[in-house]
Amino acid sequence: EAAHQAIVSEKGLQKEREQFRDDVAQTGDNHEFVSQIYVELNYYLKNGSAIHRRYNLRYTAEDVAKAESAAARLSALYSDPQIQRDFILGGVTAAGEITGGDFGYYSNDRGGEWKSYDLTTEEARAIFAAVSEDIAAGRMGKGSFLDTDADTVTYNNNVELYVRRDGDNGPTHQEYLGISLSIYCTATIAALRDLGIVTEERALLTEAQTYALQDAWEDGKTSTTERPDSPAPAEPEVALIDPETAAEEAPAASAAQGTTV
């Protein structure tokens, strides 16, 4: 409700920003770039009818930092445990429902390629428990509301967990739970490391780090994957993230940057 009220109260501001149709729009004296999302709401009236509305919201990093803004309200809502539980877990409540999974990572060997590590049932269930812990603590979905978070907060790696479903009137089938990782998902990252899934060869990398490694390979400047715990190469410079310290530093960094539409 608070997010809805904030969206409605910013109608005038959003109309002003709507004039910026370019791929990259600027607003205000500080020339911050803005991000854009669409919010769809259903209004259920007392007479039993329903109305569907779609709101276009353009916002800056400064907006996200303002507690009463629509962007800040939606950002907080996005990491709400119940919303993330429904969005990520899709009704799966017990680790025993998980049968396996895979962990996607970028390998810079032989020119660079995306690879997948197959998770055992035990590994997948341990990760499910860690993801559930991060969701309950409000860490899953946190810090992923700005486009620049792809460079500084969210990892390019992905985790997929397999769920075995018994059909009511049909055969058993398999479903998939897709999990996006960020530096705030401390329980999940710890589990991935403790299980030996994240290693020097299977590193956690942000989008910016992945692109930097790809560019470095094309320029003939590197032949191995840079690791999060190793020094960044002198050329090109790749600032690799340590999840244990980055979670505390990220909010200030995100608030200082602009984003694209």
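Helices (H or I, at least four residues) and strands (E, at least two) are DSSP runs, numbered from the N terminus. By that count, the protein has ten helices and eight strands. This is a predicted model, in which local features need pLDDT of at least 70 and side-chain atom pairs count only at pLDDT 80 or more, while totals for chains, interfaces and linings use all residues. Residues are numbered from 1 along each chain as its sequence is written, and side-chain values use heavy atoms, with hydrogens and water left out.

**Overall picture**
- Among contacts (heavy atoms within 4.5 Å) with a separation of 6 or more, 66% join residues 24 or more positions apart.

**A helix pair to look at**
- The axes of α5 (residues 81–89) and α6 (residues 121–136) come within 8 Å and cross at roughly 150°; axes are lines fitted to C-alpha atoms over the stretch in contact, and angles run from 0 to 180 degrees between N-to-C directions.
- α5 and α6 are therefore roughly antiparallel to each other (an angle over 145 degrees).
- From α5, Pro81, Gln84, Arg85, Ile88 and Leu89 meet Phe128, Val131, Ser132, Ile135 and Ala136 of α6.
- Sorted by class, this contact has seven nonpolar (Ala, Val, Leu, Ile, Met, Phe, Trp, Tyr, Cys and Pro), one charged (Asp, Glu, Lys and Arg) and two polar residues (the others, Gly among them).

Notes: Angles under 35 degrees count as roughly parallel, over 145 as roughly antiparallel, 65 to 115 as roughly perpendicular and the rest as oblique.
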